[in-house]
Amino acid sequence: MPLNRVICYAAITVFLSLIHFSSSAHEDETKRDTVSAMVMYGEAMLLDGIEEMNKEEIALYKDSLIHLTNPPLSVIEQIEIYEQIPSMTFEEVFHLIDSLFEMESIPYPLINQINLYVATHEPIEEEEIDTSQYPADFYYQSWNTLIPNPYAVRNLIQNDSTLELKLQGGKRLQEFQMPIEGVLTSGFGWRDGRNHNGIDIDLEVWDTVRTSFPGMVRVARYYGGYGRVVVVRHWNGLETLYAHLHRIKVKPGDIVNAGDLVGLGGSSGHSTGSHLHWEIRFKGVPINPAHFIDLQEGELQKDVLVLKRTRYGYAAFPEGVVFHEVKRGEFLYKIASEYGTTVNKLCELNGIRRNSILVVGQKIRVI
Ligand SMILES: [Zn+2]
C-alpha cells in the first residue's frame with residue numbers, strides 16, 4: 001500500500017467515523033466525543049487515482065467501460081454516482097452512503113472512494129444550497145439527484161390524518177398531461193409475485209415521453225432496473241418517474257412544464273420490449289394513477305387529490321370521497337345503509353372483508 005493512501009486512511013479515521021471514538025491519551029476529550037462519521041471498508045476502491053482525474057478523463061474512462069455490466073449497480077453507475085459527489089453537501093453525501101448500505105449488494109469500493117473524497121476535500125457549505133427553490137420542499141426538505149426514491153420514512157401522514165394536494169389550476173399548476181398516448185399494458189399492483197409500483201404504457205423506441213405536471217427534474221440518469229430514468233418533482237407535491245428510456249433529454253435542476261419532453265421511449269434496464277414504466281409517488285410512496293386519473297381520456301378526475309393514511313402507507317382518492325368514523329356498536333351493514341351503499345361496495349372501497357372487525361375510531365371510505 002502506498003504511503004499516501006495509508007495517510008489518507010488515517011485522516012479519514014480521525015476526520016469522520018460512523019462509530020464514536022474512544023478517547024486516547026493525548027487529545028482533548030470533549031472534541032473527540034462529538035466526532036462522528038465514516039470508516040473505510042477494506043481496501044477495495046472504485047478506481048485508483050479517480051480523485052485526481054478531471055471530468056473529461058472520467059468520461060473517457062466511463063466510455064471504455066460501456067459494455068461491462070455488473071448488476072445490480074454496475075461500475076459505470078458507481079462512477080456516475082461518484083461524479084456527483086463534488087456538488088453535494090456532506091449531509092447529502094452521508095444520506096447517499098446510508099442508501100448505498102441499504103442495497104442488496106453493498107458497493108464497498110464506491111463507499112470507500114466517496115469517503116476518500118470527503119476526507120480530502122472541503123465540504124460545500126450547507127448555506128449555499130437553498131432548498132426553498134425546489135418544488136414542494138415543504139413536504140420533502142431534501143433534494144437527491146442520484147436516487148429515484150431516496151425516502152426512507154414511509155409513515156408520512158401523522159396519525160389518522162388526511163392530506164389534500166391541489167393538482168392543477170393554481171398559479172404554478174398547469175394542466176395535467178399524460179406522458180404518452182398508448183395502450184396500457186400493465187396496471188398498478190401485484191404482478192408476478194411482486195409489486196408493480198407504476199403502470200406500463202406501450203410505445204415505440206424514440207417516441208416522445210412528456211412530463212405530466214410542471215416541476216423540476218430531480219433525477220436523470222441510468223439507475224439499475226429502471227434503465228435510463230427521469231424523476232420530476234412537481235409543485236403539487238407529487239413526483240413522477242419515467243423509466244426504460246432510450247434517451248434522456250433533461251438534467252437535474254431543469255424546470256419543466258406539463259407536456260415538456262423529458263426523454264425518448266425505449267427499453268433500457270430490466271424491460272421486455274419497449275414501453276414506458278410510469279410511476280407517481282408522494283414522498284416515495286407509490287400511488288395508483290388509476291385512482292385519480294382517467295387513463296383512457298388522459299384527464300384528471302378531480303383537481304384535488306386526497307391522501308389518506310392506511311395501514312400500509314396511504315391511499316389516494318379524487319376529492320369528493322367521504323370517510324365515516326366508526327362509532328361504538330356500528331357494523332358494516334348499518335354504515336352501508338346509512339350512506340345508501342352496500343356492504344360489498346364498502347368492502348371493495350376499503351379492501352376489507354364482510355366479516356372484518358371494525359375498530360371504534362377507524363375511518364372507512366363510504367363514497
Ligand atoms: Zn412497469
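This is a predicted model: local features need pLDDT of at least 70, side-chain atom pairs count only at pLDDT 80 or more; totals for chains, interfaces and linings use all residues.
Helix H5 covers residues 90-101, and its axis lies 11 Å from that of H6, at an angle of about 165°. Because an angle over 145 degrees counts as roughly antiparallel, H5 is roughly antiparallel to H6. The crossing of these two helices is left-handed.

Helix H6 also packs against helix H4. Here H4 spans residues 75-83 and H6 spans residues 108-120, with an angle of about 20° between them and their axes 10 Å apart. Since angles under 35 degrees count as roughly parallel, H4 is roughly parallel to H6. The crossing of H4 and H6 is right-handed, whereas that of H5 and H6 is left-handed.

Which residues of H4 and H6 meet? From H4 come Gln-78, Ile-81 and Tyr-82, and from H6 come Leu-110, Gln-113 and Ile-114. This contact divides into four nonpolar and two polar residues, with no charged residue.

Turning to the strands, the model contains an open sheet of three strands in the order E6-E12-E10, with antiparallel pairing. Its edge strands are E6, at residues 208-210, and E10, at residues 247-248, and each of them pairs on one side only. In general, the strands of a sheet pair through backbone hydrogen bonds, in either a parallel or an antiparallel sense. Strand E12, residues 261-264, pairs with E10 over two bridges in the antiparallel sense. Within this part of the sheet, Ile-248 stands opposite Gly-263 of E12.

The protein chain has an average pLDDT of 78, and 79% of the residues score at least 70. Where does pLDDT stay under 50? That stretch is residues 1-37, for which the model has 34 contacts beyond four places in sequence.

Technical notes. Residues are numbered from 1 along each chain as its sequence is written. Axes are lines fitted to C-alpha atoms, for helices over the stretch in contact, and angles run from 0 to 180 degrees between N-to-C directions. Helices (H or I, at least four residues) and strands (E, at least two) are DSSP runs, numbered from the N terminus. Angles under 35 degrees count as roughly parallel, over 145 as roughly antiparallel, 65 to 115 as roughly perpendicular and the rest as oblique. A crossing is left-handed if the near helix is turned anticlockwise from the far one by less than a right angle, and right-handed if clockwise. Two residues are in contact if their C-beta atoms, placed from the backbone, lie within 7 Å. Ala, Val, Leu, Ile, Met, Phe, Trp, Tyr, Cys and Pro count as nonpolar, Asp, Glu, Lys and Arg as charged, and the others, Gly among them, as polar. pLDDT is the predictor's confidence in each residue, from 0 to 100. Two strands pair if DSSP finds at least two bridges between them.
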